[in-house]
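Dear colleague,

Please find the structure below for your records. My notes on what was found in it follow directly after.

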Protein chains: 2
Amino acid sequence: MAEVRPIRWRKGRLELLDQRKLPAREVVVELGGARDTARAIRSMVVRGAPAIGVTAAFGLVLASRRFRSGRLAEDFEKAAAILEAARPTAVNLHWAIVRLRETMQAQPDGVSVRALTRALETEAKRIMADDIDVNRRLGAFGAKVVGRGGDVITHCNAGALATAGYGTAVGVIRSAWESGRRFRVFAGETRPFLQGARLTAWELKKLRIPVTLMTDGMTGHLLKSGRVGSVVVGTDRTAANGDVANKIGTYQIAVLADRHRVPFYVAAPTSSIDLDCANGDGIPIEERDPTEVTHIGGRRIAAEGVDVFNPAFDVTPAELVTGIITEEGLVRGDYRKGLARAVKKAEARRRRAG
Amino acid sequence: MAEVRPIRWRKGRLELLDQRKLPAREVVVELGGARDTARAIRSMVVRGAPAIGVTAAFGLVLASRRFRSGRLAEDFEKAAAILEAARPTAVNLHWAIVRLRETMQAQPDGVSVRALTRALETEAKRIMADDIDVNRRLGAFGAKVVGRGGDVITHCNAGALATAGYGTAVGVIRSAWESGRRFRVFAGETRPFLQGARLTAWELKKLRIPVTLMTDGMTGHLLKSGRVGSVVVGTDRTAANGDVANKIGTYQIAVLADRHRVPFYVAAPTSSIDLDCANGDGIPIEERDPTEVTHIGGRRIAAEGVDVFNPAFDVTPAELVTGIITEEGLVRGDYRKGLARAVKKAEARRRRAG
């Protein structure tokens with residue numbers, strides 16, 4: 001199968017697939033250092049929390065080549081600050097920098113710039129490999145429940161493009177397909193930003209998995225037809241009780257799936273589970289720029305001066321979620337216990353590997 | 001208030017406001033005959049079941065000028081077939097043609113082409129005037145139940161632009177507003193064709209009724225907030241049992257309204273009630289061109305060669321409909337009886353007027 005890799009690290013060079021140009025063109029851009037990388041993240045050349053984390057890690061590796069010996073820690077913090085400012089809310093970005101800082105701090109006194117860069121590069125590669133590994137394990141667990149009994153609905157893009165590769169919800173779909181299950185994927189276009197139309201449909205086509213694009217208003221009608229056997233989506237943040245924040249439109253898909261007795265699964269790497277957040281009420285819903293709704297591709301579609309509602313996310317209550325697929329297994333039933341257990345297992349695994 | 005008129009018949013010329021160009025520009029196009037009119041209907045220069053009915057009627061008047069004397073019935077059926085094929089779901093189109101056929105059949109033997117055209121023109125004008133009158137009466141009945149208890153959601157465009165003027169669902173909203181009720185209207189953008197963004201938001205702004213535009217994936221999240229008191233939509237065809245065919249996306253709004261215990265009303269002039277159709281299973285669902293989904297404003301948004309699902313309508317089962325607002329009153333409870341009674345009353349009214 002064709003591999004979709006939004007981020008490539010080749011012979012010490014960082015290359016990104018420019019996601020703003022997809023699906024019309026596959027343009028690869030090469031980044032030079034921290035400033036360059038921060039700009040690419042801010043302008044959405046790369047998107048999706050895990051993909052942003054991996055990109056930032058390699059951006060720091062690039063920057064480290066110009067660190068001054070004797071001032072390594074100081075130069076590291078300068079570069080880190082530039083990167084962290086790019087998407088201040090992206091938790092994986094912060095987490096990648098924390099891992100590289102720990103790597104730097106573990107180096108012997110008087111380490112050379114060259115040796116530091118080598119150590120940081122090793123850690124960045126590990127972050128990337130870990131992300132793909134997490135997705136593959138998550139995919140294998142998801143493949144046991146998704147794609148059974150008919151076609152599959154997904155929403156937004158929780159694919160290879162949003163991660164270091166493979167994907168979360170799309171990783172599950174792919175894993176189910178590779179296990180021999182046969183189905184068609186219905187991808188909701190996901191207005192206003194059209195991640196489903198632009199990215200998910202493109203990825204699935206590359207993977208040669210049958211995909212049909214639909215608008216977000218067609219979900220109910222499709223479910224009514226009886227041909228759908230499961231829904232799988234990603235998540236931006238999942239609360240301790242199993243309430244799921246994800247791209248706007250997810251909540252209503254869950255309500256519709258419930259009405260038609262179609263199981264609704266969430267692909268949630270443990271890194272996206274926030275045990276400090278008791279339930280969905282604690283998840284802030286970001287309102288985005290009205291022009292995302294009034295314009296498409298720079299072209300105005302609505303009357304001038306019309307008010308706009310543009311929440312970026314919504315919260316699906318745990319009661320509508322059939323199961324949460326993590327890299328440590330499928331969690332269902334008592335989410336409070338099950339999610340805490342999955343997070344603990346993932347932490348233990350990282351400690352053993354570290 | 002500013003009046004919006006999508007169809008004008010002036011000195012024997014048929015002019016349409018090109019709705020594909022709205023809201024950016026107000027362009028008027030003139031039509032020549034049946035083929036021209038069918039093309040305008042198919043390509044959505046004019047849309048909305050009642051507006052299509054009125055347009056088709058005038059299209060037949062234009063066509064009738066070229067009928068061959070002695071072959072009037074034959075030529076009528078040729079033109080009628082061209083028009084009927086333009087939008088199969090729109091029952092008003094069929095009904096307008098039935099009215100003109102009856103007019104033709106009521107003419108004396110050996111009627112001249114000129115006299116026939118005159119008679120058809122009189123009837124087409126009556127269809128247009130009746131439509132506005134029907135909408136006003138329907139609006140007054142709807143105003144008693146819509147706009148209470150919070151904001152209003154509507155979908156697609158069942159406004160003046162979808163009718164000869166005033167509107168059905170938007171007519172109800174307008175009538176409720178004029179009666180002094182205060183609320184905000186949330187208009188779903190209605191992909192793929194964006195009638196909500198392009199037309200409804202524009203109409204309501206013209207009427208100075210507060211309107212907020214949202215994408216179709218935001219309905220569930222909005223209803224969850226508790227601020228919505230009622231939903232009102234139009235219909236392309238309503239079956240004898242109260243099953244409602246309307247723009248794709250309507251069904252899922254009804255499911256979401258039901259979950260949040262928000263009343264869901266359908267503004268259905270009796271002309272859109274098809275008593276010959278026992279239930280929603282008998283309503284043909286038109287599949288439209290995939291490029292409506294893969295492109296926006298002529299610009300490709302999805303990958304080349306992606307399959308597309310593009311049903312133009314869906315069916316909302318009667319059990320999810322709180323009430324059907326007709327020009328003869330609000331029908332609720334036993335739809336089979338209530339709708340038959342409303343249609344009978346409307347027929348009696350037309351006979352008295354005729």
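**Second largest pocket**

The second largest pocket has a lining of 29 residues, and Trp95(B), Arg99(B), Glu102(B), Glu347(B) and Arg350(B) lie nearest its centre. A pocket here is an open set of points on a 1 Å grid over the protein atoms alone, where a 1.4 Å probe fits, with protein on both sides within 12 Å along at least five of seven lines; lining residues have an atom within 4 Å of a point. This is a predicted model, in which local features need pLDDT of at least 70 and side-chain atom pairs count only at pLDDT 80 or more, while totals for chains, interfaces and linings use all residues. Residues are numbered from 1 along each chain as its sequence is written, chains are lettered from A and ligands numbered from 1 in the order in which they are written, and side-chain values use heavy atoms, with hydrogens and water left out.

The volume of the second largest pocket is about 820 Å³, taken as the space filled by probe spheres set on the points, which are joined across faces, edges and corners. Its lining comprises nine nonpolar, five polar and 15 charged residues; Ala, Val, Leu, Ile, Met, Phe, Trp, Tyr, Cys and Pro count as nonpolar, Asp, Glu, Lys and Arg as charged, and the others, Gly among them, as polar. At least two lining residues come from each of helix H4 (91–105), helix H5 (113–142), strand E11 (273–274) and helix H11 (335–353) of chain B. Helices (H or I, at least four residues) and strands (E, at least two) are DSSP runs, numbered from the N terminus. Domain 1 (7–136) and domain 2 (137–353) of chain B each contribute at least three residues to this lining, the bounds coming from an automatic or database domain assignment.

**Domains of chain A**

Chain A is likewise divided into domain 1 (7–136) and domain 2 (137–353). Their C-alpha centres lie 26 Å apart. The contact between them (heavy atoms within 4.5 Å) takes 22 residues from domain 1 and 23 residues from domain 2 of chain A.

**Backbone features**

Most residues other than glycine have a negative phi, and most peptide bonds are trans. In chain A, a cis peptide bond joins Leu22(A) and Pro23(A), with omega about 0 degrees; Pro23(A) is in the loop between strand E2 (13–17) and strand E3 (28–31). Thr190(A) has a positive phi, near 70 degrees.

Yours sincerely
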